[in-house]
Amino acid sequence: QVQLVESGGGLVQAGGSLRLSCAASGSTSTINTMAWYRQAPGKQREVVATISSGGSTNYADSVKGRFTISRDNAKNTVSLQMNGLKPEDTAVYYCNAFTLRFGIRVYDYWGQGTQVTVSS
């Protein structure tokens, strides 16, 4: 089992910045990919950014150029630096850790979520 604990959410004005952090504990050696997802009220959960154990990253088109995901494998942490925040970025942000084997997601873990609210 892996436990994920997020921190860093809050209220910020449009154009501002926030940094989310997620600390993983437990059987972290089973994880190869970490990610941030978000879910806005009335909408489905969507992927924001992913980062592999080797550091390869992917971003949703809506956050490219504004958000940066990073990872410290030694500390088992993943962060999301969010700049140029927009009201449409308002959502609960979830840390996710999983392992892909032959393209299939196994060992799928989620944090409890942290609220990000961007005021206009």
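Leaving aside neighbours within four places in sequence, which residues is Thr28 in contact with? Select Thr28 together with Val2 and Asn76, for these are its contacts beyond that range, contact meaning heavy atoms within 4.5 Å. This is a predicted model, in which local features need pLDDT of at least 70 and side-chain atom pairs count only at pLDDT 80 or more, while totals for chains, interfaces and linings use all residues. Residues are numbered from 1 along each chain as its sequence is written, and side-chain values use heavy atoms, with hydrogens and water left out.

Thr28 is found in the loop between strand 3 (18–26) and strand 4, strands being DSSP runs of E, at least two residues, numbered from the N terminus. With a relative accessibility of 17%, Thr28 counts as buried (under 20% relative accessible area; exposed is over 50% and partly exposed in between, with a 1.4 Å probe and protein chains only).

Because Tyr37 lies in strand 4 (residues 33–39) and Trp110 in strand 10 (residues 104–110), the pair ties together parts that are 73 residues apart in sequence. Tyr37 is buried at 15% relative accessible area, whereas Trp110, at 34%, is partly exposed.

How values were computed. Helices (H or I, at least four residues) and strands (E, at least two) are DSSP runs, numbered from the N terminus.
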